[in-house]
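Hi,

Here is the structure I promised to pass on. Have a look at it first, and then read on for what turned up in the side chains.

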Amino acid sequence: MKLTTGIPLQDLNSVAGAAQQIEATGYSGITTQENRQDPFLPLAVAAVNSQTLELATSIAISFARSPMVFANIGWDLQRASGGRFVLGLGSQVKGHNERRFSVPWSAPAPRMRDMVRAIKAIWHSWQTGERLHYEGEHYQVTLMTPNYVPEPLHGPSPPHYASRCWTRNARRRRPRMRRRTPSPLFDSALSGAGSHAHTHQRYQPWRGPKTVF
């Protein structure tokens, strides 16, 4: 059993101390949610101020970014953390996509599957030097000139999780995506209040010293 918890997102200056105390307490990892703050910046701070914590987004809003943006962020965090980053993606709902992020909405499960495959194709190209050529229904990434290729990682590419796609047909679409896309799935509460669970991981609120926050 692994125990994960959250970190204070509202002030990046408090992340380093919180991550160190969470690690010393014995937690396995920390998660961030894309609510009021960006989910990646706190993990970047935690990555260089911890040694063993798994660092995961739970979740980052998938369709508000391109596969290349996720690939770059994931690559950098994987390198900075020494292989401890986990990219967790979620679809959010139609209203938030269209009226908060100003991006078009389409059936989330096929689009999420396409996103994951595109990210994996980019990472594979960077790690192996093979030509990048991915053409899916929603995402096409076929251009990668040498000056945009980061240095290969010394370990594996980041693991990644796709959350349940929040539609009325979620329970039917979830197993279909699991069969077609080799990415584990976890459920993430829309409120971002703290639920993050998959087969071997449980979320527990961090109740450390008040001075941390």
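The count of salt bridges comes to two; bear in mind that this is a predicted model. One of them joins the side chains of Glu34 and Arg65, at 2.7 Å from N to O. Glu34 sits in the loop between β2 (29–32) and α2 (41–47), and Arg65 in the loop between β4 (60–61) and α3 (67–81), so this pair ties together parts that are 31 residues apart in sequence.

Arg65 also meets Asp38 in a salt bridge, here at 3.8 Å, N to O. That pair links distant parts of the chain too: Asp38 is in the loop between β2 and α2, 27 residues from Arg65. Put together, Glu34, Asp38 and Arg65 make up a salt-bridge network.

Are these residues buried or exposed? Glu34 and Arg65 are both buried, with Arg65 at 15% relative accessibility. Asp38 counts as partly exposed because its relative accessibility is 31%.

Now the rings. Searching the whole structure gives four aromatic pairs. Among them is a tilted one between Phe40 and Phe85, with 6.5 Å centre to centre and 55° between the planes. Phe40 lies in the loop between β2 and α2 while Phe85 belongs to strand β5 (residues 85–90), so the pair ties together parts 45 residues apart in sequence. Phe40 is buried at 5% relative accessibility, and Phe85 is buried at 1%. Ring pairs also bring Phe70 into a cluster with Phe40 and Phe85.

One last item: Arg111 lies over the face of Phe63, 4.2 Å from the ring centre.

Cheers

Methods
Residues are numbered from 1 along each chain as its sequence is written. This is a predicted model: local features need pLDDT of at least 70, side-chain atom pairs count only at pLDDT 80 or more; totals for chains, interfaces and linings use all residues. Side-chain values use heavy atoms; hydrogens and water are left out. A salt bridge is a side-chain nitrogen of Lys or Arg within 4 Å of a carboxyl oxygen of Asp or Glu. Helices (H or I, at least four residues) and strands (E, at least two) are DSSP runs, numbered from the N terminus. Buried means under 20% relative accessible area, exposed over 50%, partly exposed in between (1.4 Å probe, protein chains only). Rings of Phe, Tyr and Trp (its six-membered ring) pair if their centres lie within 6.5 Å; planes under 30 degrees apart count as stacked, over 60 as edge-to-face and the rest as tilted. A charge sits over a ring if NZ of Lys or CZ of Arg is within 6 Å of the ring centre and within 35 degrees of the ring normal.
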